[in-house]
Amino acid sequence: MTESTPVIEMRHIVKKFGDFAANDDINLQVQQGEIHALLGENGAGKSTLMNILTGLLQPTSGDILINGQPVVVDSPSKSDSLGIGMVHQHFMLIDAFTVTENIVLGSEITKGLSLDTKTAAKKIQSLSDQYGLAVNPMAKISDISVGQQQRVEILKTLYRGADILIFDEPTAVLTPQEIDELIAIMHNLAKEGKSIILITHKLDEIRAAADRVTVIRAGKSIKTFPVAGVSSQQLADLMVGREVSFKTEKEPAQPKQTVLAIDNIEVDDARGVAAVKDFSLEVKAGEIVGLAGIDGNGQTELIQGITGLTKVKSGHVTLNGKDVTNKKPRQITESGVGHIPEDRLRFGMEVDMTLSENLSLQTYYKQPISKSGVLQPAEMDKLANKLVKEFDVRAASIHVTAGSMSGGNQQKAVVARELDRDNDLIIAAQPTRGLDVGAIEYIHRRLIDQRTAGKAVLVVSFELDEILNLSDRIAVINAGKIVGIVDAKETNKQELGLLMTGMSLKAAREALKEEVTV
Amino acid sequence: MVVQKNNFSVALFSVLFGLIVGAIIMLVFGYNPISGYIALISSAFGSMQDIGGVLTQMTPLILTALGFTVASTAGFFNIGLSGQALAGWVGAVWYALSFPDMPAFVMIPSALILGTALGAVAGLIPGWLRAQFGASEVIVTIMMNYILLFLGNNILQNTMAKSIKESAETTKQVGHNASLQLKWLTDLTQGSSVSTGIFIALIMIVVVWFVMKKTTLGFEITAVGLNPDAAKYAGVSAKRTAVVAMAISGGLAGLAGTIEGLGNYLNFFTQNSSPSIGFDGMAVALLGGGSYLGILGAAALFSVLKIGGLGMPMSSGVPFELVDIVIASIIFFVGANYLIRLIQKRIKAMDEKAAAQDAAKKSSKAASKQAKGGE
């Protein structure tokens, strides 16, 4: 790439919130036609920087130059008019509208008083042909896949004439195959002259997609360099500021007696449609079983069924030989289950209560935290102080509200509470979602320690790296059914990716063999 | 809905603005606001009897406000406090009149418990309907206010024995065995109807505070109110807790009604509308900002306004309705606390600016002084 005037240049950006500098002298240069990755831990200041670029926040000091011209981006609409478009992590789409309706929303072409959807659809079709974004403009959002919905988001920015596209954690919801497709789309866009800023903490994707990367740590831009020839390890070390180990070391598993036995269960979702069907799985003491699958294939309902939060319609859940099917959540918890819920803000904690209260959320009614129905705040704080120290939960005090803590520390608090009770079974759903490498490493270590201590661990995750790193055995769920159970040592991402789409193990292995021979 | 934790200054500003609105209205209609407010204050504190009246007025407001707070902590908007209070009132008076010979030490506690229980049942029904079927407690409690209002009137007019009635519209007065009034208190307040009820209400502030802040039950109610999913996850039965909270809420309202019946009016008479103590209690809780001390202060303020307002027409000619305008304005400003916070922010910013200018002036003066000194 030739060095020319950068499309975007952010110079010495400082953004202070009170005394706290979220951005502390950040420099960023993006060239035309470049895919530029922005790498940093949670809270490093990536989002703040992008919010400044898209006009949601104003910098305390520093300059923004677009094509060499200094600009003031003081509102999102200003950012739009400068050709900056954002592809959000959480899609901003209306389910009941068609692709076209969603794309034109807010900048509709009208014919008299009515919408001119035909012209709009034509324009969308030509954009989607130009950039290889295959999607049917007349399909309803609720009828298309997540990957296609993301394409709609991309088309939305292109339709509004964006030349600079910001992708915020775009792969969080995609399957491995969809991720490959997305990366191909990004390359297409770059080839057509669009510039892309890719925000992510997934190192493999940076290496697969980006031309250059800027590492941000603690509000400062540390370094910008070409991605070619850099290893994931180097990227991670730079991001965290110390050496990080990816592969959590673990001895071979020594599975013992069966702790959790799920026998042919069926669980309905909120609409009353069977989300889990004929599902059977065993987890033994001293092993980690990973449940891989794309979001929305029955994982949530399965966990809620096991833990008593939802009724199991048929079949049995047995814990240490005892039938716990459809027992109350507290009875199941007390039979020795620790549950790290997938949505920590909705289920895992009371965000408006204090950290200390949250750490007692499963034990508040027991001695010594309460005596004859009266809470003992001193005991509660004692437990909280112990857990905070033991699990390295960082908060200004144990009396701050849980909602004011960072995601990583919230998760550590949930993990601390669930692991501290010396349970026989740990159910960890998305245990590291949205966390950075440092926190992921820590939580993985803790889960493996549980296995070493002879506990049964069930990990449910959409992240194949996580599943592969932690599990001894891997079960793959698709449409509420187990597609296959494989030994973690004998499988790989490609195979799991195919299983996740519902292909049988045999078919997947054959397909992969063909690929190799071809 | 959980009562928002307003800070003290929001409450203070709301009261101030409410009084200002009242003053403006008085001015517009040709009254003198200063003499109007002086009349209000002197009517509320002019004599021991007035003070007794204020305390009598405060008693049910404290209890219904506590009831509202408990329900709202659990995530319920209990508009049915009026009906629940009425249930306690009718039940306790009926019971007291039916057993005129029961000794006081049996009658009073049992009547208080009965009235509380009736209120609790009236609160429990909408609580259960929401927990079980998701029926909106707002609609159910509003409708139950009507049911209980007309049920109460019907019991009075058609069910109660002639022997315990004064007329078709009024019961006889409850006997000494059931009256909560104390001779020394009545004498001290020159014949006001203040009763033991005020002490019960004060004790209940402490009891409810303790239950809500210090016990596992209060912890569960708070947890369910803040996040029912997380509470369920932690093994709390969200349904049971919600029903219990509504029963406590209704029970407190029932107790308020019982004290109205056995302490204040000493009888029951045909009601034209749901008793206002229920709605005023909600207002007190909102002004109190979810704090238990705040409830005490807000109940005192409202009672002073109401009792003081009664004296206003006589001494200053300002109609009594003005007090309702002031109270309504106060609640309006509590609700519009965003506005107050904005004003506070502006004032703070102006102060800072002024301070900065001051400092700049001072330093420039100091500099010029120094310069002069140097000459």
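Colleague: What kind of model is it?

Modeller: It is a predicted model.

Colleague: How many helices and strands are in chain A?

Modeller: Chain A has 18 helices and 24 strands. Its radius of gyration is 25 Å, close to the 24 Å that the globule rule gives for 518 residues, so chain A is as compact as a globular protein of that length.

Colleague: What does the C-alpha trace of chain A span along its principal axes?

Modeller: About 70 × 55 × 55 Å. Of the 518 residues in chain A, 46% are buried. Take the contacts in chain A with a separation of 6 or more: residues 24 or more positions apart account for 67% of them.

Colleague: Now chain B. How many helices and strands there?

Modeller: Chain B has 15 helices and zero strands. Its C-alpha trace spans about 100 × 60 × 35 Å along the principal axes. Buried residues are 50% of its 375 residues. For chain B, 80% of the contacts with a separation of 6 or more come from residues 24 or more positions apart.

Colleague: Which domains is chain B divided into?

Modeller: Domain 1 covers 8–331 and domain 2 covers 336–367. The C-alpha centres of these two domains of chain B lie 43 Å apart.

Colleague: Back to chain A. What span should helix α6 have?

Modeller: Helix α6 of chain A has 16 residues, 176–191. At 1.5 Å a residue, it should span 22 Å, and its end C-alpha atoms are 23 Å apart, which agrees.

Colleague: Which residues of α6(A) are buried?

Modeller: Ile179(A), Leu182(A), Ile185(A), Met186(A), Leu189(A) and Ala190(A). They cover an arc of only 135° around the axis, so they sit on the same side of α6(A).

Colleague: You listed α5. What span should that one have?

Modeller: The 14 residues of α5(A) should span 20 Å at 1.5 Å a residue, and its end C-alpha atoms are 20 Å apart, which agrees. Its buried residues include Gln150(A), Arg151(A), Val152(A) and Leu158(A). The buried residues of α5(A) pack against β6 (84–87), α3 (99–104), α4, β9 and α6 of chain A. Just after α5(A), Gly161(A) has a positive phi of about 80°.

Colleague: Switching to Arg207(A). Where does it lie?

Modeller: In helix α7 of chain A.

Colleague: Why is Arg207(A) called partly exposed?

Modeller: Because 17 other C-beta atoms lie within 10 Å. Buried would need 20 or more, and exposed 12 or fewer.

Colleague: What does Arg207(A) touch?

Modeller: Leaving out residues up to four places away in sequence, Arg207(A) touches Val227(A) and Ser232(A). Asp19(A) is 188 residues from Arg207(A) along the chain, and their C-alpha atoms are separated by 36 Å.

Colleague: Last topic, the contact. How many residues come from chain A and chain B?

Modeller: Chain A gives 20 residues and chain B gives 14 residues. On the chain A side, the elements giving two or more residues are α10 (329–334), α11 (344–348) and β20 (374–375). By class, that side of chain A has 11 nonpolar, five polar and four charged residues.

How values were computed
Residues are numbered from 1 along each chain as its sequence is written. Chains are lettered from A and ligands numbered from 1 in the order in which they are written. This is a predicted model: local features need pLDDT of at least 70, side-chain atom pairs count only at pLDDT 80 or more; totals for chains, interfaces and linings use all residues. Helices (H or I, at least four residues) and strands (E, at least two) are DSSP runs, numbered from the N terminus. The expected span of a helix is 1.5 Å times one less than its number of residues. The arc is that of the directions from the helix axis to the C-beta atoms. Two residues are in contact if their C-beta atoms, placed from the backbone, lie within 7 Å. Ala, Val, Leu, Ile, Met, Phe, Trp, Tyr, Cys and Pro count as nonpolar, Asp, Glu, Lys and Arg as charged, and the others, Gly among them, as polar. The radius of gyration is taken over C-alpha atoms; the globule rule is 2.2 Å times the number of residues to the power 0.38. Domain bounds come from an automatic or database domain assignment.
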